[in-house]
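Try each one yourself before reading the solution.

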Amino acid sequence: MTAATRPVLLEARDLGLARGGRQLFESLTLTCNSGDWIHLQGANGTGKTSLLRILAGLSRLGFEGEVSCMAELLYLGHHSAVKPLLTPRENLAMHLSGAIQRDAAAIDHALAAVDLYGYENRPCNSLSAGQQRRVNLARLYLSEAPLWLLDEPYTAIDVGGVQRLEARMAEHIADGGGIIMTSHQRVSQPGVSTVSLDEAASQHGAES
């Protein structure tokens with residue numbers, strides 16, 4: 001199946017963003033089809049997180065351009081979205097929308113997949129930063145959303161955890177999903193395309 005015949009999950013056209021009088025990027029266009037894995041690259045301050053939040057619909061003002069999302073999406077931000085007084089099981093028991101009750105067996109499978117077996121009933125504030133991060137990443141084993149937007153998913157994860165995470169993301173792509181992610185680390189899986197915000201910034205500087 002060619003890119004032209006694969007379903008479009010998200011399309012962004014002519015995006016531009018300025019912060020503090022500085023143009024971070026402009027005229028940025030990207031499309032994520034079913035089966036696409038897009039890696040947003042760039043130095044700190046180039047707007048990677050801001051771009052991902054725009055694509056997720058979390059930043060609705062202050063940018064130029066249009067974003068059209070044709071699929072349900074899951075957004076995992078840079079910080080662990082866990083409630084510290086709840087256990088990993090309790091954090092994962094409810095869908096992020098609050099509308100779907102998660103199956104207990106599926107939750108336990110997800111926690112085992114991120115190497116948190118034995119920690120499922122401990123309050124999250126007793127876990128390390130890396131363990132809390134893995135609680136959040138366990139949502140990737142529960143999500144049915146076709147499109148994943150992931151901000152620095154490798155943060156606070158060891159080498160083995162990164163390998164397992166990449167395997168899960170590769171599985172999602174093989175099932176027809178799409179991923180747009182930021183990371184300072186290289187993605188080792190084949191078929192990953194890159195969008196450089198450093199290049200977008202340098203092109204703007206050359207034109208200014």
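**Exercise 1.** In what order do the three strands of the open sheet come, and is the pairing parallel or antiparallel?

*Solution.* Some housekeeping to begin with: this is a predicted model, where local features need pLDDT of at least 70, side-chain atom pairs count only at pLDDT 80 or more, and totals for chains, interfaces and linings use all residues. Residues are numbered from 1 along each chain as its sequence is written, and side-chain values use heavy atoms, with hydrogens and water left out.

Step 1: the order is S2-S1-S4, with antiparallel pairing. Strands are DSSP runs (E, at least two residues), helices too (H or I, at least four), numbered from the N terminus; two strands pair if DSSP finds at least two bridges between them.

Step 2: S2 (22-33) and S4 (63-69) each have a single partner strand, so one side of each lacks a neighbour in the sheet.

Step 3: S1 (residues 8-19) is joined to S2 by eight bridges.

**Exercise 2.** Find out how covered helix H4 is, then look at Gln131.

*Solution.* Step 1: seven of the nine residues in H4 (129-137) are buried, meaning under 20% relative accessible area (1.4 Å probe, protein chains only).

Step 1: the cover includes strands S5 (73-76) and S6 (147-151), as well as helices H2 (88-93) and H5 (159-174).

Step 2: Gln131 sits in H4 and counts as buried because its relative accessible area is 12%. Setting aside neighbours within four places in sequence, Gln131 is in contact (heavy atoms within 4.5 Å) with Leu116 and Tyr119.

Notes: Buried means under 20% relative accessible area, exposed over 50%, partly exposed in between (1.4 Å probe, protein chains only).
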